[in-house]
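Here is a short report on one protein chain. Look at the structure first, then read on.

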Amino acid sequence: MMFETMQKILANVDCSYADLRYEEMKDEAILFKGPELTRIGSNSTSGYVVRVLKNGGLASVAFTNLKDAEKALLRATENALLMGSQRRKPVELARVKPVQGMYQPELKEDPRTISLSEKLDLIRTYNDIPLQHENIVTTITYYHELIREKYFINTEGSRLKEDMITTQLYAVIKSQDGTNIQDIAFAIGGSNGFSKIRHRESLFEQRSRVALDLLKAEPVSGGVYNCLLDPELAAVFTHEAFGHFSEADIIENLPALRAKMQRGAPIGSEKLSITDDATLTEHLGAYKYDDEGIPARPVALMTGGVLTGRLHSRRTAVEFDEPLSGHCIAQDYRYAPIVRMGTIFIEPGGHSFEHLLQDLGSGLYLIESNGGETSGENFTFGAQYGYHIKNGKLGKMIRDINISGNLYQSLKDITAIGKELVISEAGGCGKGQSNIHSCMGSPPVLIKNLVIGGV
Amino acid sequence: MEKLLEQAKRVSEQAEVYESKVEEHSVTMENGKLQDIESKYLTIINLRIIKDGKLGFAYGCDFTQRQDLLHNALKFLYGGIEAPYKFPCSQALPEFNTYDPAIETINSRDMSAECDRIFDYLSSRTTAEINIYATTRSEKIRILNSHNTDLFDRSSSYTVDCEVVYPGSAASMWRTFSSKRFEEIPVPLTHELSQLYSLSVPVVQPSSDKMQILFMPNSLDTINWRIMNATNAESIYKKFSPLTNKLEQKIFDQQVTVYDDPNNDLYPRARAFDDEGVACAPLTIVENGILKNFYNNLFFAQKLDMPATGHGYKADQSRKPYPTLSHMHLKPGKKSFKALVAAIKRGIILEYAMGLHCGNIAHGDFSVGIGTGLFVENGIIVGRVKDAMVAGNIYETLNQVIHIEDRFHLGSQMPAILCDGVSVSIK
């Protein structure tokens, strides 16, 4: 029925290509702040995004009400004509065969079959664990389940429906001793069912202990250090240091940077290989088709330090004359799709964690991520906590750790990579629009000469 | 909206319906090339009900699905979430000049032409790669509640971001111009951008040290977020804020005055009421270094037994109103921007900081990466630093204020502020 409605919308558009995406989004959320429940319930919203390619210009319009469809199409067509008239080089889209299909992820426990009261009981149980401790003053425990039913058609004959079902639990545990307040944040979940949310009591207990230990930790002194990054932190490093520059639309119109980022360019250490793979169904970043109807596929972005691949939309694939990858994604119906990472990770190396510690000798062991940001060639990312390392042995705990890096140097400063790859259950990327599905992973990684901020 | 309100009133003691309709058009020009044209026509509806002192909340985007909204709001009641407040009866609020009808006539061609003009100006004066993002936006907000509040707000804005990118680096500097109507970006704004860019092309590597930092408006969120967090009623109620018992005490240098002014309709998006229908008015947070007020929403006003300050805003369509300093300003001081730069013996003009969300925000600590920073020695801009971080605590940093700019910096609603003794780590 929805496909018929969508076909009617596109029926009269006069252009070389158009596509229409419709999404119904349903979410269910439970939020505790301390012992208080502050949010519970379900909601649904929906909307459309139309894109029109005409006379070498591509434009998009997002709209929530069906009665705005005609206005939206008119606007998209006018804007596409304007763009076409102003560009020296017309927009072209990579040729693809039309695709038809319906895709539902395989789920280990469909969250829609679990009652709200059962979810509430579980989240309350988790939330209560840290609150039992003296000096744990509050928590934020936020369960969010997002069901996106996405419909996609285009004028080439593609017709797809894909359901994306994400269950995530995000938690912050705050400890306090006098004026000293510390917190630890973490997340669990994925795109393959509610089972990932269950049986995580020991994680909440362990995180509570870290939050309490942080009260006794010292702020790190600013300086330049050799560092061992744990898998989660190294994963964020990958995303910020390199991931964004593998998105073709970021470097497309920066000629000097684009010249440095040709395939075959040595960008990183010889030990470093990086892949993006949105087909890993057990992880948060999984999807079958992107929002242009292109199937996702694994992409070797870097191999032995050399740039070997890039993430593309249909438009950028033509611009760069490179293969399609299926990485054109929108946050939801309010946005046109842009090039996004799926699940990006550093490939495992050969070293045990103990060997990496010995290799480090003296420096810092930095653990878990506090987020990050990229601004051009510079990037920053934060660690939740860490330890001084002396002669390969763990020393005092440190906190308030933020790290700066540089695209051209930091990837080359990687000296060793561990053998156990861990894909993070926390995801998210704020490039232009949020994308909760963008996730990352890594083994532990040894990097020299990282700038750490501190007083 | 009226039908939904009536239905909601039948099942609750209090009800509120909120609707926002946004029309937005944007043009992106990258390195002189028209890259993207996007439009949006979006509607969001929120429903809140209060029954037996408990809150029901739901959101959607279509009034034809009133039953679903009501059902979801009633389901929310199951959580037993406290709502110890009354929706306001807001009548006869002042009207502000927030909307220019001509914004509806501006099309992408007009914005594209203006982007071309800005590009020509900047490209003739710099070696930069230049990106320009222009957006027109008009929004209608209406709030109805069961206490006969019926408020309507219509606003328009035109915003243009001009970004100059260092070739090969992708690091950049930018300026934002915002107005209620479509107009040409003032020449002094693009002139300053081109001048600062040209002075900062060489890359320099000074040694790490404590330095003077000139926080520009694009990096001031480093400080502002921590002030907002510390003076937010939730932080006060939960006793996380280091300012909990410090009203009327000196917390910053006497040059520092922080205030929120939602009624100033010289700038876009002035408001007469917040997203809960509570009347807005100017509020001084810090005056000459002395802490004067906290800000709240209806919930935390009740919890702290203080008057509602009219700062309940939605961060997102799916959120309830939360205390937000939506129109925050720092009061200008006495020195020109030129004088501020001249006063730097050894320091950095911090154009942009990365990772503001990192660090112990509650404590006022900051440790941020320098996205773009201009190194200054003896009042002269020497070049640009890379791979560097700035760290400190706002309660120390804002007690070491040297000077504050004598006006809102070009294109922003904040002055630049020069502080001493901030730790800088550089590779």
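This is a predicted model: local features need pLDDT of at least 70, side-chain atom pairs count only at pLDDT 80 or more; totals for chains, interfaces and linings use all residues.

## Two packed helices

The crossing of α3(A) and α4(A) is right-handed.

Which residues make the contact? From α3(A) come Tyr126(A), Ile129(A) and Pro130(A). From α4(A) come Glu201(A), Phe204(A), Glu205(A) and Ser208(A). The residues of this contact divide into 4 nonpolar, 1 polar and 2 charged.

## A glycine in a loop

Now turn to Gly157(A). It lies in the loop between β5 (136–154) and β6 (159–177) of chain A.

Gly157(A) and Pro98(A) are 59 residues apart in sequence. In space, their C-alpha atoms are 5.4 Å apart. Leaving aside residues up to four places away in sequence, Gly157(A) touches Pro98(A), Val99(A) and Gln100(A).

## The whole chain

Chain A has 10 helices and 23 strands. Its radius of gyration is 23 Å, close to the 23 Å that the globule rule gives for 455 residues, so chain A is as compact as a globular protein of that length. The C-alpha trace spans about 70 × 55 × 35 Å along its principal axes.

Of the 455 residues in chain A, 66% are buried. Consider contacts in chain A between residues at least 6 apart in sequence: 74% of them join residues at least 24 apart.

Key: Residues are numbered from 1 along each chain as its sequence is written. Chains are lettered from A and ligands numbered from 1 in the order in which they are written. Side-chain values use heavy atoms; hydrogens and water are left out. A crossing is left-handed if the near helix is turned anticlockwise from the far one by less than a right angle, and right-handed if clockwise. Helices (H or I, at least four residues) and strands (E, at least two) are DSSP runs, numbered from the N terminus. Contact means heavy atoms within 4.5 Å. Ala, Val, Leu, Ile, Met, Phe, Trp, Tyr, Cys and Pro count as nonpolar, Asp, Glu, Lys and Arg as charged, and the others, Gly among them, as polar. The radius of gyration is taken over C-alpha atoms; the globule rule is 2.2 Å times the number of residues to the power 0.38. Buried means under 20% relative accessible area, exposed over 50%, partly exposed in between (1.4 Å probe, protein chains only).
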